[in-house]
Amino acid sequence: MTTTDFDLHLTDEEKSLLPSDEDVAFYAEHGWYLSKKLFTDDEVDALAAATDRYYAGERHRRLPVRPPKLAYWEPAKGAVQRHNDYVHHEHDGLGALLRKRLIGAVAARLAQADEIRIFQSTLIFKPPIDGEPSNIVPWHFDKHYWASSSSERMLTAFIPFHDCGEELGTIVMVDGSHRWAEVGADDTVVRHFADRDRNQLDDMLARNAGHNNAEVRKIPMVIPKGHMSFHHCRTYHGSGANVSGRPRQAISLHLQDGDNSWRAYPLSTGENAAYNHDVLVRRTDDGRPDYADPEYCPVIWRHHAKQGG
Ligand SMILES: [Fe+2]
């Protein structure tokens with residue numbers, strides 16, 4: 001495929017679903033964006049059906065090794081909040097939908113990037129159990145897990161399989177927090193939120209807001225079916241209980257701009273920060289994990305500057 005093919009593959013109708021200049025400016029200021037309807041109802045239903053098959057055990061390929069911090073719910077873990085990484089890689093039905101060019105084109109506008117690749121995809125199932133502690137996702141921002149990534153423009157699309165409001169425990173953004181200067185970060189922030197102390201994370205949010213003379217303004221994303229919310233990799237977010245009586249099902253699609261690559265990020269232990277990809281992806285010519293390995297990090301959008309549009 002040549003680079004220009006990507007531009008040719010957006011229909012006029014799809015182009016009308018891209019963020020406007022005002023939307024792009026809003027994202028730059030607020031650190032989040034609620035998209036237009038990027039998936040048809042049929043596509044969302046196909047996502048849900050592929051997910052059912054995934055949970056029933058269907059895989060088209062498996063990771064050759066198990067990375068150290070892999071999220072991988074299995075039935076034996078029971079009725080906790082489920083997280084499964086690399087679903088775009090392991091399941092072709094999910095992968096095909098998640099590679100939809102329009103999602104990449106929207107992300108490229110927001111991140112002001114010419115190329116967008118998948119970085120990770122995490123399938124999420126929040127069971128309808130009020131009081132289930134694993135359903136609560138404490139305040140964090142994703143860049144903390146991505147310290148070995150050079151980019152400051154990475155972003156995430158949160159894609160529910162149904163209308164998603166507060167009663168389901170939808171994702172909640174802390175408005176404008178991606179522009180905060182950070183205080184009090186230490187090596188523990190590189191760990192996944194499930195492994196971290198919740199009170200410590202709440203304290204970190206309050207301390208960082210105070211340091212920036214900012215108020216903590218929490219915006220629940222009320223997302224109609226087929227729409228998705230995008231957030232910047234430094235936007236604090238979290239989510240609460242599911243009191244709806246129905247499961248909350250979604251995919252977090254983590255995206256990287258074309259310039260992202262592995263960088264050395266030394267921790268206090270002397271070791272470099274690592275990401276799960278580092279034991280999976282091919283190496284670059286100078287020996288670094290290649291975050292552009294198409295096997296794990298496929299390009300979903302490439303904009304050729306000379307093409308316009
Ligand atoms: Fe997150």
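In this predicted model, Leu255 is in contact with Ala107, Ile116, Ile118, Phe119, Met154, Leu155, Thr156 and Ala157, neighbours within four places in sequence being left aside. Leu255 also belongs to the largest nonpolar core, which has 63 residues; there, Ala107, Ala157, Phe230 and Leu255 touch the most other members. Helix H7 (residues 101-111) makes the largest contribution to this core, with eight residues. In soluble globular proteins, nonpolar side chains tend to be buried together.

- Six of the six residues of strand E5 (residues 155-160) are buried, so the strand is largely enclosed by the rest of the structure.
- Leu155, Ala157 and Ile159 point to one side of E5, while Thr156, Phe158 and Pro160 point to the other, and all are buried.
- With strand E8 (residues 229-232), E5 forms an antiparallel pair over four bridges; in E8, Ser229 is the bridge partner of Phe158.
- With E10, E5 pairs in the antiparallel sense over six bridges, and Ser252 of E10 stands opposite Phe158.

**Helix H4**

- Helix H4 (residues 41-55) contains 15 residues, and the distance of 21 Å from its first C-alpha to its last is close to the 21 Å expected at 1.5 Å a residue.
- Val44, Leu47, Ala50 and Thr51 are the buried residues of H4. Viewed down the axis of H4, these buried residues fall within an arc of 120 degrees, so they line one face of the helix.
- An α-helix has 3.6 residues a turn, so residues three or four places apart point the same way.
- Asp41, Asp42, Ala49 and Asp52 are exposed on the other side of H4.
- The cover over the buried residues of H4 includes helix H6 (92-98), strand E3 (115-126) and strand E10 (248-257).
- Gly57 follows H4 and has a positive phi, near 110 degrees.

**The four-stranded open sheet**

- Four strands, in the order E4-E9-E6-E7, form an open sheet with antiparallel pairing.
- Strand E4 (137-140) and strand E7 (218-220) stand at the edges with a single partner strand each, so one side of each has no neighbour in the sheet.
- On average, neighbouring strands of this sheet are turned by 25 degrees against each other, direction ignored.
- E4 and strand E9 (residues 237-239) run antiparallel and are joined by two bridges; His140 stands opposite His237 in E9.
- Helix H8 (residues 198-211) packs on the sheet, where it touches E4 and strand E6 (171-174), and its direction makes about 35 degrees with that of E4.

**Helix H8**

- The end C-alpha atoms of H8 are 20 Å apart, which agrees with the 20 Å that its 14 residues should span at 1.5 Å a residue.
- Met204, Leu205 and Asn208 are buried in H8. These residues cover an arc of only 100 degrees around the axis, which puts them on the same side of H8.
- E4 and E6 are among the elements that cover the buried residues of H8.
- Asn199, Ala206 and Gly210 are exposed residues on the face of H8 turned away from its buried side.
- Asn213 follows H8 and has a positive phi, near 50 degrees.

**Positive phi in loop residues**

- Most residues other than glycine have a negative phi.
- Tyr86, although not a glycine, has a positive phi of about 60 degrees. Tyr86 lies in the loop between strand E2 (82-85) and helix H5 (87-90).
- Tyr86 has 24 other C-beta atoms within 10 Å and is therefore buried, the cut-off being 20 or more.
- Gln112 is a residue other than glycine whose phi is positive, near 55 degrees. Gln112 is found in the loop between H7 and E3.
- With 11 other C-beta atoms within 10 Å, Gln112 is exposed, the limit being 12 or fewer.

**Ser134**

- Ser134 is located in the loop between E3 and E4.
- Ser134 has 16 other C-beta atoms within 10 Å and is partly exposed.
- Apart from neighbours within four places in sequence, Ser134 is in contact with Val80 and Gln81.
- Between Ser134 and His277 the separation is 143 residues in sequence and 25 Å in space, C-alpha to C-alpha.

How values were computed
Residues are numbered from 1 along each chain as its sequence is written. This is a predicted model: local features need pLDDT of at least 70, side-chain atom pairs count only at pLDDT 80 or more; totals for chains, interfaces and linings use all residues. The expected span of a helix is 1.5 Å times one less than its number of residues. The arc is that of the directions from the helix axis to the C-beta atoms. Two residues are in contact if their C-beta atoms, placed from the backbone, lie within 7 Å. Two strands pair if DSSP finds at least two bridges between them. Axes are lines fitted to C-alpha atoms, for helices over the stretch in contact, and angles run from 0 to 180 degrees between N-to-C directions. A nonpolar core is a set of buried Ala, Val, Leu, Ile, Met, Phe, Trp, Tyr and Cys residues joined through C-beta atoms within 7 Å.
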